[in-house]
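Dear colleague,

Please find below the structure that I am handing over to you, together with its sequence. My notes on it follow directly after.

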Amino acid sequence: MDSQKNKFRHFYENMIGMFFGYKRLDIIKTLYINIIQGYFPSMKILVYPKTKIGKSKKGKITINGAKARLHLGTAFERGKYNSTGLKIDEGGELVVNGIFSFHTGCEINIADGGKLEVGNGYAANDVDISCFHNIRIGNYVAISKGVAISDSNEHTIKGMEEPGLKPVIIGEHVGIGMRAMILTGVNIGNGAIIAAGAVVTRDVPAKCFVAGVPAKIIKEDVEWS
């Protein structure tokens, strides 16, 4: 009996929080995705207006930890929402190990067999992430507007062929500037800073500031806050 009361109280508190604490949520989509993912009555996945989720039956959204949450389609200003998309194919998985927000306008595509893993952090407006194999984003990572991240060379140029799928690993406390591109096989060390517009094709050591096309080390032993 006590367990039923606790379950009801948990459900009630979540409903109050959704209707009064999260007034911007798309309530129907939030309820639906949490029910089919088995998180209801806890609300581990919060869905905001103009967000579309296309997930196959065998696609997964895994939320690890009692305090972990996934926010999909958040906006800095109320009412200014663009189309946001999360697509997970058969065998694809999104793993959330902290509190992570994909802001409005983001497009996240996880292909069959792909695994996208995120910690605490956020991806600002219009970020594009294409995961065919493995992309891992550590804790306290700030991804600025318009950034593109991909672990695959979807098209090859004759005479420049390379293996198509290579993991992308982004460490802890990394800052990625506006409209930067992080390409396949890149490993970005802890505390690194990627300048706006940089195209990262090679590994970036920890605490380095890189810029340019292709990105090169501009300064070492940097810190940002």
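Predicted model: local features only at pLDDT ≥ 70, side-chain atom pairs only at ≥ 80, totals over all residues.

Strands of a sheet pair through backbone hydrogen bonds, in either the parallel or the antiparallel sense. Strand E2, residues 51-55, pairs with E5 over 5 bridges in the parallel sense. Within that pairing, Lys-52 stands opposite Gly-85 in E5. E5 is also joined to strand E8, residues 107-110, by 4 bridges, and these two strands likewise run parallel. Here Gly-85 stands opposite Glu-107 in E8.

**The open sheet**

In what order do the 6 strands of the open sheet lie? The order is E3-E6-E9-E12-E15-E18, and the pairing is parallel. The edge strands are E3 (60-63) and E18 (187-188), each of which pairs on one side only. Inside this order, strand E9 (residues 115-118) and strand E12 (residues 134-137) are paired in the parallel sense over 4 bridges. Lys-115 is found opposite Asn-134 in E12.

**Salt bridges**

How many salt bridges does a search of the whole structure find? The search returns 2.

Another salt bridge brings together the side chains of Lys-207 and Glu-223, at 3.9 Å from N to O. Lys-207 lies in the loop between strand E20 (199-200) and strand E21 (208-211), whereas Glu-223 lies in the segment after strand E22 (216-220), so the pair ties together parts that are 16 residues apart in sequence. Lys-207 is partly exposed at 36% relative accessibility, and Glu-223 is exposed, with a relative accessible area of 67%.

**Backbone features**

The peptide bond joining Phe-40 and Pro-41 is cis, with omega about 10 degrees. Pro-41 belongs to the loop between helix H2 (27-36) and strand E1 (45-47). A cis peptide bond also runs from Val-213 to Pro-214, where omega is near -5 degrees. Pro-214 is placed in the loop between E21 and E22.

Where does Tyr-140 lie? Tyr-140 is located in the loop between E12 and strand E13 (141-143). Its phi is near 60 degrees, which is a positive value in a residue other than glycine. Tyr-140 is also exposed, with 53% relative accessible area.

Ser-130 is placed in strand E11, residues 128-131. Is this residue buried or exposed? At 12% relative accessibility, Ser-130 counts as buried, since the limit for that class is under 20%. Leaving aside neighbours within four places in sequence, Ser-130 is in contact with Asn-109, Ile-135, Ile-149, Ser-150 and Asp-151.

**Cysteines**

A disulfide is a covalent bond between the sulfur atoms of two cysteines. How many disulfides does a search of the whole structure find? The search finds 0. Cys-106 counts as buried, at 1% relative accessibility. Cys-208 is buried as well, with a relative accessible area of 3%.

With kind regards

Definitions and conventions:
Residues numbered from 1 in each chain as written. Heavy atoms only, no water. Pairing = 2+ DSSP bridges. Salt bridge = Lys/Arg side-chain N within 4 Å of Asp/Glu carboxyl O. Buried < 20%, exposed > 50% of the residue type's maximum accessible area, 1.4 Å probe, protein only. Contact = heavy atoms within 4.5 Å. Disulfide = S-S within 2.5 Å.
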